[in-house]
Amino acid sequence: MNLLRYIKSRLGIIIFFIFMQLIFVGVTVLADIPWRESAYAGLIQLFFALIIAAFDYYKFSMRVKTLRKIEKNSLYIGEIDLQARDLIDEEYQKLYSIVHGELIRTLKEKEDLEGALNDYYKMWVHQIKTPLSALDLIVQNSAIEEKNEIKMELSRIGSYLDMLLKFIKLSGGNTDFVFENYNIEELVREIVKSQSIVFIKKKLYVEMNGLDVNVVTDRKWLGFVIEQVLSNALKYTSKGGIVISMEKCDGIYAISIEDTGIGIRASDLSRIFEDGFTGYNGRISTEASGIGLYLCRKITDKLGYRMTAESKLDEGSKISILIPFKNVRYE
């Protein structure tokens, strides 16, 4: 490939050399110079031309190799380490240095701005949790009739704040994973308990099957995924209930959360894990943000898991978290 490009780049010189050889042959014929002497002179010219071309091709290849290296690491290379062949090369190298400097400056400003915003969001989330905790304590010690409803709304606000924190951490590439051996049933029971007010208010049943399995995972992040999926199921289920189960299939363990809610349209099913996608159900519920399941997929990807979805309209949905068998431990 390089040879063809080299020939193309030197096509003018090659044509000129061939033209000069034709003139040499013409002069030889007109001057009636013996063919043996003229052929010898021609071979000497061709020999030196090939030596010069080989050396020039070597320099061309090294130059292309250097430029490709710069192309792959353009953010880290401020100056082109190549000797300028002429004034045009010098100007190109100056232009590259100027553009590179502007790019680095812009990226630095963007990084500083994102860092400042992330710090502000984190501070805001932590500060807002203080009055929420105080409100929760007041509600617990009061005789308000709507106590359960208020507690449910406070829990939802806390859940949204937690989602915001997770989004900030994922956006910044900070996941602070801590992998340890956890029992899935204990984790799920804790999450279900935190949503007990919603189950009671909506009069929904909950079943848990086959969850007594130990998994090496990050409790906080896997717990967030399960909580988000369960929260979604509760949001769109008004009668019946939810079944949370775990079963082995083809070398993986699947934690499934199946509801008897409104279901998901077939046209929306393949897109529910996309950022900001709410689909038809998002038009029904003003609470839909299209962020929850997107965050879940991002987290499971980082954990080395997968997520799948099955649904039938007006019958319910089933979201599964697929954990590779190598993460499962028996004790």
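Hi everyone, let's begin with a pair of helices: helix α2 (residues 11–30) packs against α3 at an angle of about 165°, and their axes lie 10 Å apart. That angle makes α2 roughly antiparallel to α3, where over 145 degrees counts as roughly antiparallel, under 35 as roughly parallel, 65 to 115 as roughly perpendicular and the rest as oblique. Axes here are lines fitted to C-alpha atoms, for helices over the stretch in contact, with angles running from 0 to 180 degrees between N-to-C directions. Helices are DSSP runs (H or I, at least four residues), strands are E runs of at least two, and both are numbered from the N terminus.

Before I go on, a word on the model. It is a predicted one, in which local features need pLDDT of at least 70 and side-chain atom pairs count only at pLDDT 80 or more, while totals for chains, interfaces and linings use all residues. Residues are numbered from 1 along each chain as its sequence is written, and side-chain values use heavy atoms, leaving out hydrogens and water.

Back to our pair. On the α2 side, F17, Q21, F24, V25, T28 and V29 meet W35, S38, A41, G42, Q45, L46 and A49 of α3, with contact meaning heavy atoms within 4.5 Å. That contact divides into eight nonpolar, five polar and no charged residues. For the classes, Ala, Val, Leu, Ile, Met, Phe, Trp, Tyr, Cys and Pro are nonpolar, Asp, Glu, Lys and Arg are charged, and the others, Gly among them, are polar.

Now, how does α1 sit against α3? Helix α1 (residues 2–9) and helix α3 (residues 35–72) pack at about 115°, axes 11 Å apart, which makes α1 roughly perpendicular to α3. Their crossing is right-handed. By class, this contact has six nonpolar, two polar and three charged residues. Look at N2, which is found in α1: N2 touches Y57, F60, V64 and R68, leaving aside residues up to four places away in sequence. N2 and S61 are 59 residues apart in sequence, yet 7.0 Å apart in space, C-alpha to C-alpha.

Next pair, please. The axes of α8 (residues 219–235) and α11 (residues 292–303) come within 10 Å and cross at roughly 150°, so α8 is roughly antiparallel to α11. This crossing is left-handed. The contact has 10 nonpolar, four polar and no charged residues.

Finally, the largest pocket, with a volume of about 1,200 Å³. A pocket is found on a 1 Å grid over the protein atoms alone: an open set of points where a 1.4 Å probe fits, with protein on both sides within 12 Å along at least five of seven lines, and lining residues have an atom within 4 Å of a point. Points are joined across faces, edges and corners, and the volume is the space filled by probe spheres set on them. Of the 50 lining residues, Y160, Q228, S231, N232 and K235 are closest to the centre. The lining divides into 21 nonpolar, 18 polar and 11 charged residues. Which helix gives the largest share of the lining? That is α5, with nine residues.

Notes
A crossing is left-handed if the near helix is turned anticlockwise from the far one by less than a right angle, and right-handed if clockwise.
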